[in-house]
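Biologist: Could you walk me through reading the side-chain packing here?
Modeller: Gladly! Let's look at it together.

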Amino acid sequence: MSKPRVLILGGCGFIGRHLVDYLVSNELAEVIKVVDKTPPQMAWLNQRHTDAFASPNVEYCSANLINPASCQNAFKTDDGSGWDYVINCAAETKPGQTDAVYQEGIVKLAMNCATEAVKYRAKRFVELSTGSMCSSEKIPQKEDCPVEPWTMVGKYKALTEQELAKVEGLKYTILRLPICYGVGDRKGLTPRLIISGIYKYLNETMKLLWTDSMKMNVVHVEDVCCALWELVQNERTVGETINVCDDSEATQETISDLQADIFGIKIDYWGVVMSSMTKVDMAGAIEEVNDKHLGPWAEVCQKDGVLNTPLTPYMDQELLLYKHLNLDNNKLKSYGYELRRPKITRESLEEMVRDFIAMNHFPRSLLEA
């Protein structure tokens, strides 16, 4: 049997690059076409991912998927053949944008791609969505929970999920992800790792908003790739929405304790009452927090010769809301999937930092001094 032809939209991003590497390393695809606005040479790939993209069966196409003509061009094949699997990792995820930007960069982009996927007779269209659809501390949220998104990305991913169900002839699967981490992650847990390093540099206790019990569920990018690949080959997952989450049941304490262990710092919490006072002027409070971190980060980067890095300790207001990311992964397991990285560990977080150090994106002294 011939191997499948795979189109990865947003393939130079964090999850996309890991998926390319996974398919190449395991020789799972005949053709892998990577579509992204950012070329691989400018995407801050590490050596392993650079090698994966250099594979002879990987091709890159520059496209703006919001533009219908550019999207059509991205789907084209030399011989007119179709795509077996179309994986949509592309979306506007930068926080603090306007509604119009998210409407175009999430909903319109996905619908353009879904329309083309039908034309090219795709066996499956996979939409990577978010787990920030509903917040509950006590009850892990299942896929059919009431949808009440608390982030702008969540709001427009929820709209996308609704619209995909209306596309005639589209065989789709939606994967809802919690905080996704792993080598190359710049937006998930990395800002917290950077800030932990800054408090080591400052020799101060790191005080966090809210409480240690706030749910912050996670999944390793390896499990996203492995689960995705198993699920697209299962006919029972057509039209399904599935949480892809690990077994850590992670909270702010789970993650903070690992950070404290790595960097040798002390951690404390402001608590609900004190943290709630920031709601009066959340923007001002966040600005103050970011100002405290950005100066020392620039200082320690310069000191260690880290002159050009994509990493930043900047935290957006949405990331600091008192909301519980608490997902139920039983549906994922019901399809027979076994987690490769069931629990978040110190080793997996340190692996991320060491990879950034190897690329001279993270000050070595923060980890090794």
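**Rings, charges and cores**

Modeller: Keep in mind that this is a predicted model. In it, the charged end of arginine 5 lies over the tryptophan 83 ring, 5.0 Å from the ring centre. Likewise, lysine 207 places its charged end over the ring of tryptophan 270, 3.8 Å from the centre.

Biologist: Is tryptophan 210 buried or exposed?

Modeller: Buried means under 20% relative accessible area. Tryptophan 210 has 2%, so it counts as buried. Tyrosine 322, at 28%, is partly exposed.

Biologist: Which residues have the most contacts inside the largest nonpolar core?

Modeller: They are Leu189, Val218, Phe263, Trp297, Ile344, Leu349 and Phe362, in a core of 43 residues. Among the elements that each supply at least two residues of this core are helix H6 (190-202), helix H10 (282-303) and helix H12 (346-358). A second, separate core has 41 residues, including Phe14, Ala52, Cys225 and Tyr337.

Biologist: Which residues form one aromatic cluster?

Modeller: Phe263, Trp297 and Phe362 do. As for isoleucine 344, its contacts beyond four places in sequence include Tyr181, Leu189, Val218, Asp246 and Leu349.

Conventions. Residues numbered from 1 in each chain as written. Predicted model: local features only at pLDDT ≥ 70, side-chain atom pairs only at ≥ 80, totals over all residues. Heavy atoms only, no water. Core = buried A, V, L, I, M, F, W, Y, C linked by side-chain atoms within 4.5 Å. Buried < 20%, exposed > 50% of the residue type's maximum accessible area, 1.4 Å probe, protein only. Helix = DSSP H or I, 4+ residues; strand = E, 2+ residues; numbered from the N terminus. Contact = heavy atoms within 4.5 Å. Phe/Tyr/Trp six-rings, centres within 6.5 Å; stacked < 30°, edge-to-face > 60°. Lys NZ or Arg CZ within 6 Å of the ring centre and 35° of its normal.
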